[in-house]
Amino acid sequence: MTQLSEAREGTVTTAMARVAEREALDPETIRTEVAAGRMVIPANVGHHRLDPMGIGIAARVKINANIGNSPTSSSLGEEVDKLLLAQRWGADTVMDLSTGKKIEAIREAILAEATVPIGTVPIYEALERAGSPGELSAELLCAVIEDQARQGVDYMTIHAGVLLEHLPLCRDRVTGIVSRGGGLLARWMVEHSAENPLYEAFDDVLEICARYDVTISLGDGLRPGCIADASDAAQFAELDTLGELVQRCRAAGVQAMVEGPGHIPLDQLEMNVARQQTVCDGAPFYTLGPLVTDIAPGYDHITSAIGAAIVGWHGTSMLCYVTPKEHLGLPNAEDVKQGLIAYRIAAHAADLARGSTRAAAWDRELSEARFSFDWNRQFDLSLDPDTARAMHDETLADDYFKTAEFCAMCGPKYCPMHNFRNVDWDALTALADRRRRARA
């Protein structure tokens with residue numbers, strides 16, 4: 001029984017109850033959302049350390065962190081360290097995107113430590129086994145999917161929506177196909193003059209995922225890789241196929257979410273979310289960014305967090321973080337932290353815009369600490385207390401200044417909050433009333 005099939009039968013599972021607790025929602029609300037396909041709980045039956053979480057429009061906006069080695073850099077130990085760092089800084093899920101050697105060993109070590117859901121892209125390991133894109137096959141892809149499911153992977157990106165008929169639509173793109181999985185499958189289809197093997201074998205993929213309750217993350221293999229390619233025919237042709245695959249997943253009792261575009265200008269963000277929600281019947285939307293401009297290599301955690309906050313506001317359920325190294329190299333530990341901080345800001349801003357009382361209460365509590373000049377409380381309530389404290393102490397390090405009614409920006413004479421704190425409001429209100437009456 002998958003979470004989806006249990007929910008349809010009216011059962012509130014242990015995982016649903018835990019999600020309800022974490023979201024401060026009624027368990028029946030969680031069950032209803034899962035049953036409708038508007039929420040997924042990635043929870044492989046074999047991932048025993050998992051603390052279940054939910055991804056969906058009724059829940060707070062979630063964040064995924066990508067880690068994983070490359071053929072040229074990083075080691076097993078470094079990737080486990082990245083996992084622990086991602087969990088420390090608030091990642092709700094982590095994807096292991098390893099593409100070099102020892103993929104299986106790295107994943108095993110990550111799963112042994114992970115309390116958050118772990119995702120993968122099985123075609124990467126399949127390519128390592130095959131040796132070249134042309135040697136991939138439906139049988140090999142399904143074998144890898146089953147091996148990873150047996151190992152405990154909670155959700156997998158399956159690029160089954162890229163069809164042979166979609167490829168000519170990429171002809172005039174500036175950056176072509178930027179998805180690694182989408183690019184590998186496109187090359188295979190061209191070489192073999194045949195349809196996407198993951199689409200052809202999708203029923204077999206569903207059978208495997210149902211057995212282990214692996215959530216399918218329907219990959220956007222034709223996502224736009226630059227602003228010039230945003231919202232084009234190729235992107236939306238694939239999205240229509242993903243809508244079909246969502247229904248096939250639900251019919252098989254398999255949980256499904258849908259991955260979304262990478263580079264979209266501000267004025268097209270709301271439209272993209274609305275179109276996905278319509279075409280995919282409310283399935284949770286999981287976006288990379290989107291990046292709202294292409295001009296800032298080295299700062300794409302910022303360009304993408306801008307887009308992430310807006311699509312989160314309009315209904316995206318999970319944001320895949322982007323680090324400062326996007327487009328430039330393999331992220332290190334500091335890049336992971338910077339990406340997560342940027343995306344926690346974006347997700348929280350989206351939760352505020354969506355009316356979350358918990359998000360608003362957090363903001364208010366920090367603001368009250370700021371106005372009362374309770375510096376230590378302000379640090380403790382911040383996303384990154386160590387950095388906030390270090391920045392304050394750079395110029396005013398003495399303990400005395402942890403209660404001082406000013407900071408190094410304004411000093412004691414110019415601080416507006418200090419100058420406004422001891423106002424006699426009754427007297428001020430009476431004076432204002434007299435002035436209004438006099439003017440009348």
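1. By class, the second largest pocket is lined by 11 nonpolar, 5 polar and 7 charged residues (Ala, Val, Leu, Ile, Met, Phe, Trp, Tyr, Cys and Pro count as nonpolar, Asp, Glu, Lys and Arg as charged, and the others, Gly among them, as polar). Helix 14 (333–353) and helix 15 (357–371) each give two or more residues to this lining; helices (H or I, at least four residues) and strands (E, at least two) are DSSP runs, numbered from the N terminus.

2. A word on the source: this is a predicted model, where local features need pLDDT of at least 70, side-chain atom pairs count only at pLDDT 80 or more, and totals for chains, interfaces and linings use all residues. Residues are numbered from 1 along each chain as its sequence is written, and side-chain values use heavy atoms, with hydrogens and water left out.

3. Now the largest pocket: its lining has 15 nonpolar, 17 polar and 7 charged residues. Strand 9 gives the most to that lining, with 3 residues. Strand 3 (62–67), helix 8 (180–192), strand 8 (256–260) and strand 9 (285–288) each supply at least two.

4. Which helix holds Phe371? Phe371 lies in helix 15, the helix that also gives residues to the lining of the second largest pocket. Phe371 counts as partly exposed because its relative accessibility is 36%, between the limits for buried (under 20%) and exposed (over 50%), with a 1.4 Å probe and protein chains only.
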